[in-house]
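Here's a quick briefing to read with the model open beside you.

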Amino acid sequence: MKRFAIIAILAAFCMGAQAQEKLYSVKSGIVTMEMDMMGQSIVQEIYFDDYGAKKATVMNFGGQKSRNIVVDGATVMVNDDEKTATKMPMMGQQETVNFSNLDEKTIKKYKVKELGKETVAGKDCTKYEVTVFMMGQPQKQTVWVYKGITLKSASSSDFGDMVQTATKIQENVEIPASMFVLPAGVKVQEMDMGMMGGGW
């Protein structure tokens, strides 16, 4: 179903494919985001620990709630109520730029351009333009970054315009370890690519 496909795109957009490395200069936190995608307003909570090496995104879209985590380098959508889990196909993974380590190689690979300073959610951010790959296609994004954490991003693709903005950030709070792992006994299934098309 198309709704499932959009949730899958949101999972890839929020998580990235390399979320296991240290990305932030903040030990742990919770970022509350609001996303506008194709006219739909979506609220997400992004949890992280170990400087971004552990990350989970909880979202509710159209009454379908998912907790998205990284397992063995791939994004997995977990439905904790139904005790099910679905692995995103690798082609759906979006690259993650480590803004805490913008060396010459990273700047060249992602065509990083600094665009100045702006405030988001009360935090002083550096604004960048970057080019990443999603669904195998180059995608230009504008991002607002605080201590390595993206507090706002905007991009356009075949799936429509996507803008997500932080409304609140909590730094150095305790996050339960269970947030970043699969529930006991749950087996991960591969996403049925036939669900990426069709109607609502």
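Is E171 buried, partly exposed or exposed? E171 counts as partly exposed, because its relative accessibility is 24% (buried means under 20% relative accessible area, exposed over 50%, and partly exposed in between, using a 1.4 Å probe and protein chains only).

Before going further, keep in mind that this is a predicted model, where local features need pLDDT of at least 70, side-chain atom pairs count only at pLDDT 80 or more, and totals for chains, interfaces and linings use all residues. Residues are numbered from 1 along each chain as its sequence is written, and side-chain values use heavy atoms, with hydrogens and water left out.

**Strands**

Helices (H or I, at least four residues) and strands (E, at least two) are DSSP runs numbered from the N terminus, and two strands pair if DSSP finds at least two bridges between them.

- Strands β7 (residues 113-120) and β8 (residues 123-134) run antiparallel and are joined by seven bridges.
- Across that pairing, K117 sits opposite T126 in β8.
- The β7 and β8 hairpin has two residues between its strands, and A121 there takes a positive phi near 55 degrees.
- On to the next pairing: β8 also goes antiparallel with strand β9 (residues 137-146), over nine bridges.
- For V132, the bridge partner in β9 is Q139.

**Salt bridges**

A salt bridge here is a side-chain nitrogen of Lys or Arg within 4 Å of a carboxyl oxygen of Asp or Glu.

- Searching the whole structure turns up nine salt bridges.
- One of them pairs D50 with K27, with the closest N and O atoms 3.5 Å apart. D50 is in the loop between β2 (40-49) and β3 (54-61) and K27 in the loop between α1 (2-15) and β1 (29-37), so this pair ties together parts that are 23 residues apart in sequence.
- D50 is partly exposed at 27% relative accessibility, and K27 is partly exposed at 31%.
- K87 and E190 make another, with their closest N and O atoms 3.9 Å apart. K87 belongs to strand β6 (residues 84-87) and E190 to strand β12 (residues 188-190), so the pair ties together parts that are 103 residues apart in sequence.
- K87 is partly exposed at 26%, whereas E190 is exposed at 57%.
- E171, from the opening question, bridges to K123, and the closest N and O atoms are 3.1 Å apart. That links distant parts of the chain, with K123 in strand β8 and E171 in strand β11 (residues 160-171), 48 residues apart.
- K123 is partly exposed too, at 22% relative accessibility.
- Salt bridges with shared partners also join K27, D49, D50 and K54 into one network.

**Nonpolar cores**

A nonpolar core is a set of buried Ala, Val, Leu, Ile, Met, Phe, Trp, Tyr and Cys residues joined through side-chain atoms within 4.5 Å.

- The largest core has 15 residues, and V31, F48, C125, I149, L151 and I169 touch the most other members. At least two core residues come from each of β1, β2, β9, β10 (149-157) and β11.
- Setting aside neighbours within four places in sequence, I149 is in contact (heavy atoms within 4.5 Å) with Y24, V26, V31, F48, W144 and I169.
- There's a second, separate core of twelve residues, with Y47, V76, V78 and F180 among them.

**Aromatic pairs**

Rings of Phe, Tyr and Trp (its six-membered ring) pair if their centres lie within 6.5 Å, and planes under 30 degrees apart count as stacked, over 60 as edge-to-face and the rest as tilted.

- That rule gives two aromatic pairs. The rings of Y24 and F48 have centres 4.8 Å apart and planes at 75 degrees, so this pair is edge-to-face.
- Y24 sits in the loop between α1 and β1 and F48 in strand β2, so the pair ties together parts that are 24 residues apart in sequence. Both Y24 and F48 are buried.
- F99 and Y128 are stacked, 5.1 Å centre to centre with 25 degrees between the planes.
- F99 is buried at 13% relative accessibility, and Y128 is buried at 10%.
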